Structure formats: C-alpha cells, structure tokens
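Subject: Aromatic contacts in the model

Hello,

Here is the structure we discussed. Please open it alongside the notes that follow.

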Amino acid sequence: MEQQASSSGASSSSQAPPQSQPSFDDCLKLLRGERDEQRLAGLLLVTKFCNKDDHAAIRKVYDAVGPQFLHRLLRTGMGKGSDGPGDNRDAYLQLSITVLAAFCRVPEIAASEDMVTKIPLIVEIMSTKAGSPIIEECYEFLFLVSAANEEGVKTMYESAGLHVVASQMSILPDGSHMIELAMKLVQIILIKLPSENVYSEHPADLSMVVAAVAKQFAVLQNALKFEALHLLSTILSNSYSVPVYDALRLMKNDVWSTNMRIGIVAILQNRVAPSHKLQALILAESVISIVGEGWLIGEMNLTNSQDSLPADRCILLVLESSRVEIAVLLNDLAYLKYEASKEPSNKENILVKQRNLGIAFSLVEKIIKLISSFGGEESTANAVISESTFTKIISGLNETIGVVLDYLRDAKEHGQMKGDDLLAAVRVIGSYLAEAPHACKDKVTALLGYMLSIEGEDELSPFYSICFLLPMLCQITLKTGGCKILASSGALREVVGCLIALIEQNNYTYEDNGSIFLACDTVLNLLLKREQIKIPSDDSSFIRLLVALSHWAEGTDDASIVMMASSICSLILELKSEEALLNHPDFAAGNITSLSKLIGRSFAMCGQDLMSDDAKAEVDLFQIISSAYSSWADRFPCIRQAVESSRPFPFRHVS
C-alpha cells in the first residue's frame with residue numbers, strides 16, 4: 001500500500017500543472033492591445049465566447065477592437081493595405097468579413113456610419129469573389145446595414161450594388177440563404193429608393209432579377225416561394241416598370257415566363273391566403289402585358305421533372321380565380337357604397353378594392369381577346385384547347401358578365417352615373433359583347449341606355465363607355481331589332497356625340513380610326529333603317545356631325561374615309577332642306593362648300609376608279625350615296641351644282 005502510494009505520489013509530482021483557459025475578459029484585453037498581432041489573436045479567440053444572439057457581448061467586442069483596426073484588416077485582406085504578409089491575405093479577408101457580419105447583427109452597430117462606409121468595399125469584394133465562401137457573409141452584411149440605415153441603401157445603390165446582386169442571383173443555389181438575402185436586398189432598394197430612378201437606370205438588372213426570382217418562384221415549395229411572389233409582383237406592377245418590360249422582351253431565353261406560369265398555377269390551385277392569390281393574379285396580368293395573351297396556354301413542367309400539367313391549366317385557373325375576385329369585390333363595393341356608413345376609412349377601402357377589381361377585369365378581358373382567336377388559322381391555341389375547355393371558358397365568362405351587369409343594375413337603382421368602377425364594368429362587358437353581341441340579351445337591353453351614359457370619375461361626358469360598347473353596337477344595329485333597341489334607349493344622340501368627339505380629337509392613330517369607323521358603321525346602320533325606327537329629323541347633333549365628317553375627309557386621299565363620310569352625310573341630308581341647314585346656328589355658310597366638295601369627291605373617286613382593289617364595301621357605300629343624292633339633289637341646288645361640275649362623267653339625274 002505504501003509502495004503504491006509512493007508510486008502514485010511520484011507520478012503526480014511528475015505531471016505539469018494544468019494551464020488555465022483564457023476567459024472572455026482575456027480576449028477583450030487582447031483586442032485592446034497595442035499591436036495588431038494581439039488584436040488578431042483576440043478576434044480568433046473571441047468566437048469561442050460570443051453567441052450570435054448575445055448582443056451585449058458582441059457590443060463589448062466591437063468597442064474593444066475599434067473600427068479603425070477592422071477597416072485596416074479589411075483593406076489588407078483586399079490587397080489594399082501595407083500591413084501583413086501577402087500569403088495571409090485570404091485569411092485576413094475571411095476573418096474581416098466574418099467579424100463585420102457578426103457585428104452587424106447588433107442593430108446599433110449595423111446603423112453606424114463606420115459600417116455604411118464599408119459598403120463600397122464589400123460590393124467590390126462581391127464583384128471579384130463570385131462563388132467564394134465569403135459571399136454569403138457579404139450578403140448578410142449588406143442586408144443588415146441596409147435594413148438598419150437608409151444611407152446604407154443609398155450607398156449600396158450608388159456603389160453598383162444592384163448590378164452586382166442582379167448579375168449573381170442566377171448562380172446562387174436554389175432556396176439558399178444567399179438567394180433569400182439577395183431577394184431582400186432588391187426589395188429594400190425598391191421600397192426605400194425613388195422608383196423613377198431605379199427603374200429608368202437599371203431596367204436590364206431588374207430584368208435579370210425577375211428571371212432569377214421566377215426560377216425560385218417555380219421550384220420552391222416553402223415560405224420563400226411567397227417572398228418570390230411578393231418581389232416579382234412589386235417589380236412588375238410598378239407604374240415605372242415599362243423599361244423592365246422592354247428588357248424582358250429582349251431576352252433571348254423566355255424560360256422566365258414559363259417559370260412564372262408554373263409558380264402562378266401552384267399558387268392558384270392550392271389553399272393559400274386570399275392575398276397571395278390576388279398577388280398571383282397581379283403577377284399574371286403583368287406577364288401577359290409583356291409576352292401576350294398566348295402565355296395563358298403553355299407547358300407546365302419544370303426542367304428534369306417527371307410531373308407535367310395540362311397546357312390549359314393556367315387559363316382555367318386564372319379565369320376561375322378572376323371570377324371569384326370579381327364576385328367578391330363587386331359585392332364588397334356595393335356594400336361599402338350603398339349600405340356602409342360614410343366614414344373616411346371607407347373611401348380608401350373602396351379605392352383599394354377598385355384597383356384590385358381592375359386587375360381581375362383586365363385578366364378577363366385578356367382571356368376574351370385570346371379566345372376570340374380560337375378557330376383562326378394562325379391560332380396556336382387550337383392544338384391544345386379542347387372543346388370541353390372552350391365550353392368551360394365561355395360558360396364562366398357568361399356567368400361573370402351576368403354578375404357585372406347585376407352590379408350595374410344595382411348602381412342604376414341607386415342613381416350612380418359616375419365612377420371608374422362603373423366605367424371598368426362597361427369596358428369588360430363591351431369586350432365580351434364584341435365577340436358575343438347577343439349574350440345576356442335581356443339584361444343588356446334593359447341596361448343599354450344606362451351603360452351608354454356612364455362617366456369615368458374625371459370625365460365630363462360618357463365618351464369612353466360609348467367607345468367600349470361600339471363593337472357590340474355596330475353588330476346589333478345590322479338588324480332592325482338592334483337599331484330599335486338603341487333608339488328606344490335614347491342613346492342615339494350619345495353615339496353621334498361620341499363620333500364627333502373621336503373626329504375632333506384630330507390625332508388619328510390606328511386605334512382612333514378603328515373606333516371612328518365602328519361609330520360610323522353604327523350611325524350608318526341606324527340611318528339606313530331610319531323609317532323603321534323613326535329617327536327625329538330635327539336633331540341638332542346630326543348638323544354637328546355633317547360639319548365634323550366633312551372636316552374629317554378634308555386633305556385625305558383615303559377612299560374609305562371619303563366614301564364613309566360622304567355616305568353618312570348623304571343620308572343625313574335626306575332628313576334636311578338646304579334652307580333649314582343654312583339657317584341652323586351650328587352650320588356656317590362655309591360648311592355647305594365643304595359638304596359639296598365631299599359629295600363631289602366621292603362621285604369623282606368612283607368615276608376615276610380610285611378606290612382600292614378590294615373595295616366592295618366602298619362600292620356599297622357609293623350606291624348609298626347615289627341613291628340618297630337622287631332623293632335630295634333638287635332640294636340642295638348649291639350642292640348639286642358643285643357635284644355636277646366635279647363629276648368626270650355625264651350626269652344623269654335619277655328622279
């Protein structure tokens with residue numbers, strides 16, 4: 001026993017005394033040291049003591065080491081400092097980025113000017129170290145500083161931070177913390193900086209962001225999917241987004257739009273919050289505005305994925321979701337406008353719901369435009385849309401148009417004649433009736449006069465509502481029954497007034513001319529059936545129309561304009577006498593000369609064969625002109641004299 005004890009004692013005495021481990025205070029002493037070697041050692045040791053959530057400890061470390069040393073360490077790691085051997089440069093850089101990111105988890109440190117001034121250096125590192133392990137901490141640093149200090153956002157933007165982030169997003173791992181931070185950085189820029197500057201200065205960068213985030217939107221099935229949805233809708237629904245739209249159209253690869261379709265379908269077909277479905281619809285409306293309505297039909301499978309969805313799934317989901325939104329929003333608006341108390345908060349609520357209603361209406365209009373091409377030789381939809389799908393779409397549209405008409409009937413009963421929501425309702429109804437003029441016939445007939453009198457919030461006359469309904473009016477007035485509906489509604493004068501307004505705009509774009517000809521055809525149809533529908537001969541709007549049409553045709557060699565204007569004027573003159581015309585306050589003496597020239601030119605064009613090769617319509621118009629002229633020529637000697645002197649062939653008056 002003694003021997004054993006002696007042996008044990010000898011062994012114990014031969015061991016070295018245990019060394020004490022450095023404490024947190026020891027690390028702080030090193031960080032406050034005079035030599036950089038001490039501070040480096042302190043930084044390396046302090047990681048054992050500081051938890052990332054222990055802000056008090058992190059603050060003590062930051063105060064101990066000081067911002068000047070951190071700045072020197074960062075520049076040395078970048079190769080811009082004179083201290084330290086070059087062999088350790090990467091280690092210095094790694095250490096400095098790691099420490100800076102850790103410090104910025106304390107909001108007060110992240111918001112400091114010292115951290116803001118380091119942003120240009122961090123952006124420079126990111127631009128040269130793509131793919132490096134330090135990139136994630138660079139993203140973290142930029143996000144924390146930008147979130148804590150608006151000057152940080154400005155500095156990052158001015159240091160080309162948006163360009164660097166945008167150019168790297170496509171190579172960041174799907175669903176990674178880095179891609180999440182990159183998305184948040186872009187979101188901060190869009191929220192905190194003026195949109196007019198960001199969108200005009202960086203459309204290409206934002207288009208790269210859209211393409212990269214669209215992929216995440218398609219492939220992810222976690223909360224980050226909704227972050228992607230929010231960012232995409234933020235970028236594309238901004239009023240300054242047009243340059244970004246143009247940049248996306250120029251992209252050689254359109255896989256981004258396919259990814260959008262996949263992501264939107266995933267949102268719409270699953271149980272998610274109504275706000276997310278609305279955002280998906282907003283995003284869908286933006287994508288269609290960029291690539292066209294055909295986007296609603298297309299492939300639905302991810303690259304290297306075995307799962308595939310029918311090509312028509314997107315259009316059906318967008319239509320159904322839009323229909324639900326329209327029904328809910330119209331019901332909410334009717335309640336807020338006619339039943340709820342008149343509180344100031346209601347006004348803002350109404351405006352929000354009206355904006356959302358506009359998105360749903362726009363999507364329905366785009367679907368109407370797409371299906372109007374079904375059956376055409378160039379329609380790509382023919383190969384992928386089945387008869388049953390087409391039937392579902394038509395049935396859904398019919399039902400929704402009926403709901404919108406009910407909303408207008410409710411507004412009529414409450415005496416509402418003005419409102420952008422009412423005007424938008426007329427527009428979507430007009431879009432559908434242009435393709436199906438006899439849909440919801442009873443409701444349309446009952447509300448036609450009211451719809452033609454609706455004004456937008458800032459309008460002084462129902463100009464746009466009439467324009468929206470012109471395609472339908474043109475079609476229904478081909479038959480006497482349709483003319484009677486329009487005449488009985490008391491809206492004939494409004495249609496004539498709309499035509500005059502279109503002509504007097506005097507900026508004839510292709511769209512304007514299209515609306516003018518639709519209005520002309522409608523008025524022409526009514527005048528041709530004047531005996532059956534009893535058009536009043538003393539309506540002064542027809543006098544103003546004579547003046548407008550004669551001015552419209554002046555200075556143009558377009559036979560379609562001359563013949564259309566002349567035919568309507570000829571039919572109006574059947575209702576008048578020269579004396580009554582010249583004595584009317586809206587008709588000047590010089591107008592009779594313009595009218596005479598117009599009628600004469602139409603005869604001259606026909607006689608000299610100046611009409612177009614496929615001018616059957618113009619020939620039909622000339623027959624109308626000739627027939628009408630024969631009935632009133634004796635009552636208008638001034639016009640007859642001018643016409644006969646301009647005719648290039650012997651005139652034979654037909655009694």
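A residue is buried under 20% relative accessible area, exposed over 50% and partly exposed in between (1.4 Å probe, protein chains only). This is a predicted model: local features need pLDDT of at least 70, side-chain atom pairs count only at pLDDT 80 or more, and totals for chains, interfaces and linings use all residues. Residues are numbered from 1 along each chain as its sequence is written, and side-chain values use heavy atoms, with hydrogens and water left out.

Aromatic pairs come next. Rings of Phe, Tyr and Trp (its six-membered ring) pair if their centres lie within 6.5 Å; planes under 30 degrees apart are stacked, over 60 edge-to-face, the rest tilted. That rule gives 8 aromatic pairs.

One of them is Phe-517 with Trp-552, edge-to-face at 5.5 Å between centres and 65 degrees between planes. This pair links distant parts of the chain, 35 residues apart: Phe-517 sits in helix α28 (residues 510-528), Trp-552 in helix α30 (residues 540-553). Helices are DSSP runs (H or I, at least four residues), numbered from the N terminus. Trp-552 is buried, because its relative accessibility is 3%.

Tyr-629 and Trp-632 also pair edge-to-face, at 5.1 Å and 75 degrees. They are 3 residues apart in helix α34 (residues 616-632), so about one helical turn separates them. Tyr-629 is buried at 2%, and Trp-632 is buried at 0%.

Lastly, a charge over a ring (NZ of Lys or CZ of Arg within 6 Å of the ring centre and within 35 degrees of the ring normal). Lys-225 lies over the face of Phe-217, 5.5 Å from the ring centre.

Best wishes

Note on methods:
Helices (H or I, at least four residues) and strands (E, at least two) are DSSP runs, numbered from the N terminus.
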